[in-house]
Each structure stands twice: as C-alpha cells, then as structure tokens.
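Me: I would like to learn how to read a structure feature by feature. Can you take me through one?

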Amino acid sequence: MSGWKAGCATVDITPDWPVYMAGYGNRTKKHDEVLAPIYARALALEAADGTRAVQLSLELLGTSNEMTATVQAALEPYGVAPAAVRLSSTHTHSAPSLSNVYCGCCQTGWITRAWSRSAARRCRS
C-alpha cells in the first residue's frame, strides 16, 4: 500500500483589465492601478486509498456558491468528489468584486476569467 500524495500550486489571478473593487460601498469606479498581485493557492491531497481532496484559497473578499459549484464540477472528472472540495478566501478589501459576494458594483464574467487562471484548474491527475 502506498502512502499519501500531495501537490500544490500558486497562480496569479490579478486582473489585467480594469474591474470594480470589493469591500467598500463608496467605490464607484474601476481600479486604475495594481499595487500588489493577488493569488489563488491550491493544495491537492490523495490518500493511500485513492480518495482525493482539494483546498483552494483565494485572495478575495469572499467566494460564492456559484464559484464553489464551478470548481467542484471542474475537479470531479479528476476523481475529486464535490464534498472534498473546499474554497476559502482571505477576505481582503483590496481585491476585485465578485458576483454574489459583494452587492455593490459587481463585474460580470470576472469569476470565469479568474477561474480560467486559478490554481485548482491546473491540478491534474
């Protein structure tokens, strides 16, 4: 019987286009500069019995049920059960607004673009 396996990845998810920022109700315009990049970090684990789990940490104000469902669906073909996928956020107020997270100026499509560059997307069997 073999032991546990682990893998990790870090991906820069800083938007390279102007987006609305989350965290404060008085933000009425898109950002005009980037002071520091934001990242998605993934930890993928595989137990000796082949069971897999993924923890995805995002430098965002929060995540949403929509984002969680998207990540779960993307990882399921790689043997990761939806219940074994966890998303968390750092709750930074210096990151883009996401739909269903902050009700101010949400940037539609940002979830999809961020996901396409995220660390979990790069976890492969």
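This is a predicted model: local features need pLDDT of at least 70, side-chain atom pairs count only at pLDDT 80 or more; totals for chains, interfaces and linings use all residues.

Me: Where does Leu 45 sit, and is Leu 45 buried, partly exposed or exposed?

Reply: Leu 45 belongs to strand S2, residues 39-46. Its relative accessibility is 32%, so Leu 45 counts as partly exposed. The cut-offs: buried is under 20% relative accessible area, exposed is over 50%, and partly exposed is in between (1.4 Å probe, protein chains only).

Me: How many helices and strands does the protein have, and in what order do the elements run?

Reply: Helices (H or I, at least four residues) and strands (E, at least two) are DSSP runs, numbered from the N terminus. This protein has two helices and four strands. From the N terminus on, the order is β-β-β-α-β-α. Of the 125 residues, 38% are buried.

Me: How do I read the largest pocket?

Reply: Rolling a probe the size of a water molecule over the atoms shows where empty space is left. A 1 Å grid is laid over the protein atoms alone; a pocket is an open set of points where a 1.4 Å probe fits, with protein on both sides within 12 Å along at least five of seven lines. Lining residues have an atom within 4 Å of a point. Grid points are joined across faces, edges and corners, and the volume is the space filled by probe spheres set on the points. Here the largest pocket holds about 340 Å³ of space. It is lined by 17 residues, and the closest to its centre are Met 21, His 31, Glu 33, Ser 94 and Ala 95.

Me: What is the make-up of that lining by class?

Reply: Ten residues are nonpolar, three polar and four charged. Ala, Val, Leu, Ile, Met, Phe, Trp, Tyr, Cys and Pro count as nonpolar, Asp, Glu, Lys and Arg as charged, and the others, Gly among them, as polar.

Me: Where is Glu 33?

Reply: Glu 33 is in the loop between strand S1 (5-12) and S2. Glu 33 is exposed, at 54% relative accessibility.

Me: How many salt bridges does the whole structure have?

Reply: Side chains of opposite charge can pair when their charged atoms come close. The cut-off is a side-chain nitrogen of Lys or Arg within 4 Å of a carboxyl oxygen of Asp or Glu. The search finds two. One joins Glu 59 to Arg 41 at 2.8 Å, N to O. Glu 59 lies in the loop between strand S3 (52-58) and helix H1 (65-75) and Arg 41 in strand S2, so the pair ties together parts 18 residues apart in sequence. Glu 59 is buried at 18%, whereas Arg 41 is partly exposed at 35%.

Me: Which residue pairs with Arg 52?

Reply: Glu 46 does, with the closest N and O atoms 2.8 Å apart. Arg 52 is partly exposed at 22%, and Glu 46 is buried at 17%.

Me: What is the phi of His 91?

Reply: Most residues other than glycine have a negative phi. His 91 is not a glycine, yet has a positive phi of about 60°. His 91 lies in the loop between S4 and H2.

Technical notes: Residues are numbered from 1 along each chain as its sequence is written. Side-chain values use heavy atoms; hydrogens and water are left out.
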